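Keep the viewer open as you read.

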Protein chains: 2
Amino acid sequence: MKGIRHLADHLDISIGTVSRALNGRPDVKEETRNRVLEAARKLGYVPNQSGRSLRQGTTNIIGFMIQTGTEINGQGDTFFMSVFDGVQEVFARHKLDLVALLCSSQEDPAEYLRRAVARGFADGLILSATQRQDARVQLLAERNIPFVTLGRTLTDAGQPWLDLDFEGMAQASIDRLVARGHRRIAITRPHDDANLGYIFVERCREALAAHGLTLEENLVFRSTPNEAGGYRIGRDLLALEERPTAIVLINETIAIGFYRALSEAGVRAGSDIAVIGRHSPHAHFLSPSLTCFRLSLHDLGIALAETLLSSMPAFAHHYPDAPVNRLWPMELVDGESDAFRAHKS
Amino acid sequence: MKGIRHLADHLDISIGTVSRALNGRPDVKEETRNRVLEAARKLGYVPNQSGRSLRQGTTNIIGFMIQTGTEINGQGDTFFMSVFDGVQEVFARHKLDLVALLCSSQEDPAEYLRRAVARGFADGLILSATQRQDARVQLLAERNIPFVTLGRTLTDAGQPWLDLDFEGMAQASIDRLVARGHRRIAITRPHDDANLGYIFVERCREALAAHGLTLEENLVFRSTPNEAGGYRIGRDLLALEERPTAIVLINETIAIGFYRALSEAGVRAGSDIAVIGRHSPHAHFLSPSLTCFRLSLHDLGIALAETLLSSMPAFAHHYPDAPVNRLWPMELVDGESDAFRAHKS
DNA sequence: CATAGTTCCGTAAACGTTTACGGACGGCGA
DNA sequence: TCGCCGTCCGTAAACGTTTACGGAACTATG
């Protein structure tokens, strides 16, 4: 015999009382409760997940969906590891468990998600790597599953979202570079349909326009969000007849490949071209160090968790004034890579 | 009304038949089965996870435990994403789902695991970031939960494991460097109790001894497995009175920090010191490119999955001759960083 | 002492599945 | 015609919990 019945027999009380004692119900004598808790600890009893969630229709599990294989999320492992840690800090307070739902690169993300929620796997979801048109959003909204997205989509259904402030990044980058004399500024965007690319490019365009400049389409580089993509951008940029004097890199890891391409051509960031990128653990350790936009991933995770919980009836009262939608600011950190000043033409 | 009962009512048959039809039992008429499958598809029916696993005591879920927060796993950016993808390729054939069990940096890994298995969360486990003494191994062995570890421990309990061939890496690195005239060779190891550190150091020592050389203790650098750790190693190494002429880096990401430290001192890998490291997506894109040990992470994931399944009674017959323990070979890929030859003294 | 209220606990139903068991039905051979 | 076997399906129990309900034992109040 296993489970709660074992515990009940051992203590010679009924399973109902055991359950009530463990769940902190008021109608159980304090002494009895202590006996139960003690025995549970000693016998290493932990309630069976399936039994519990079958009965009460809730799993106490929150799923963070990520897509495996590389080149998809556009973020490194360390990105998610840090975010996860922040999320869990909040969830721990509510006895919620975080698991990562891993969608294989072989499977359609929306279909994967449909299966996961139909099985009743999780009480809530966190979605990342949102595409511009993202079928997952509508799916969850229809099913009334609480969720939050890391990244806006065009198909938002009123769900809470957080997103990095790419508008702010675009504005600040362009402003700084223009102030330093740059007129021909290259930018990058992801190769896929990620919404952030559209947002970033448009805001760069506007920011340039505010300075009386226009965004040249051949200075918008599209690439996979990895080192190879950055290398490709570097090669393409260097092959231009008229090189831009500055570039803003939207992804974390592409700087390394970009540097390599420069290096092969004897060009040096900071000396021959100004480079602004995104922070990652290696940003400070490149040579020259990367001027980049940084954010606290841990705090981002905390905010994600709080936003999600505030949309779940059972937890909302703990987070009365959590904002539903939030642009997460990034901080411009000085490095050596943007030291190059363009001559006024 | 929901679930299988809904489906049964809709088709005007009993729930037992529906279940049998869906699960591919033989005792159901082909025509009935097709009607059921069709209706299930149309209504989007997916069996409830809790009900199913409560009844049959199995979840069809395999958990891959990883520890969140950074500096813990000691792997580079996309390491896990690639491994996951390989694992899933195998699991998909058996309708098994892979989820990542995320242990917060605030929680004791063994305690976390104890809770997870007691709740009956997963049918099997994959453990990574194994420490030299790892309480998780004994825990799972006692409870008779099928599992495989990525990394050997001293407390192995006869469970299947896979591990990278750090012996081979040590041997090949030392042999190559010695053949190129190096006599004073530095090596690195993780800061924590990870078993691979012990293995690697000892094998390097042996390999050196075979060439009549001794491993100097002050040339063994211990560091966190990240860029900052690599930077620290570089600084410490450059501060030595007598610098080694070569170094072997055991972690993936430390090369970037190491390069930075060199760069600040006007020293260049490949020209002034020979560097051998571990492959990661950025290895080819550093300047100079990193001579490193590479492995197929996707294939490693496949092997992990197969090894695990071969130890699970329900699946073992599919993998009759999967090796229980396996040293996974790494391939030495030429780069520019080890071009430096030491003068014979 | 009678009554009402409170405190605590046992009983049993319910959650959504799977599956052992048995029954209905039809085909077949003797 | 009778009995047997095979095919297909319905019935109900079981998995491990939680929780509504009711009842027993006390306590308080009059």
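The residues of the surface near DNA strand C split into seven nonpolar, eleven polar and eight charged. Here "near" means that a heavy atom of the residue lies within 4 Å of the strand. For the classes, Ala, Val, Leu, Ile, Met, Phe, Trp, Tyr, Cys and Pro are nonpolar, Asp, Glu, Lys and Arg are charged, and the others, Gly among them, are polar. Before going further: this is a predicted model, where local features need pLDDT of at least 70 and side-chain atom pairs pLDDT 80 or more, while totals for chains, interfaces and linings use all residues. Residues are numbered from 1 along each chain as its sequence is written, chains are lettered from A and ligands numbered from 1 in the order written, and side-chain values use heavy atoms, leaving out hydrogens and water.

Who gets nearest to the DNA? Of the 26 residues around DNA strand C, it's A:T32, B:I4, B:S19, B:R25 and B:R55. Sugar and phosphate make up 60% of the atoms of DNA strand C that come within 4 Å of the protein. Now for some polar contacts (N or O atom pairs within 3.5 Å). The side chain of A:T17 puts an N or O atom 2.7 Å from a phosphate oxygen of DNA strand C. Bases are touched too: a polar side-chain atom of A:R20 is 2.9 Å from a base nitrogen of DNA strand C, and a polar backbone atom of B:G51 is 3.1 Å from a base nitrogen.

Next, the rings. Aromatic pairs need ring centres of Phe, Tyr or Trp (its six-membered ring) within 6.5 Å; planes under 30 degrees apart are stacked, over 60 edge-to-face, and the rest tilted. Eleven such pairs turn up over all chains. One of them, A:F285 with B:Y231, is tilted, at 5.6 Å centre to centre and 55° between the planes. A:F285 lies in the loop between β9 (274–278) and β10 (291–294) of chain A and B:Y231 in helix α10 (residues 227–238) of chain B, so this pair joins two chains. Helices (H or I, at least four residues) and strands (E, at least two) are DSSP runs, numbered from the N terminus. Both A:F285 and B:Y231 are buried, that is, under 20% relative accessible area (1.4 Å probe, protein chains only).

Finally, look at strand β4 (residues 147–150) of chain A. Buried residues cover both its faces, with A:F147 and A:T149 on one side and A:V148 and A:L150 on the other.

Definitions and conventions: A polar contact is a pair of N or O atoms within 3.5 Å; within protein, one must be able to donate a hydrogen and the other to accept it, and residues adjacent in sequence count only if both atoms are side-chain atoms. Buried means under 20% relative accessible area, exposed over 50%, partly exposed in between (1.4 Å probe, protein chains only).
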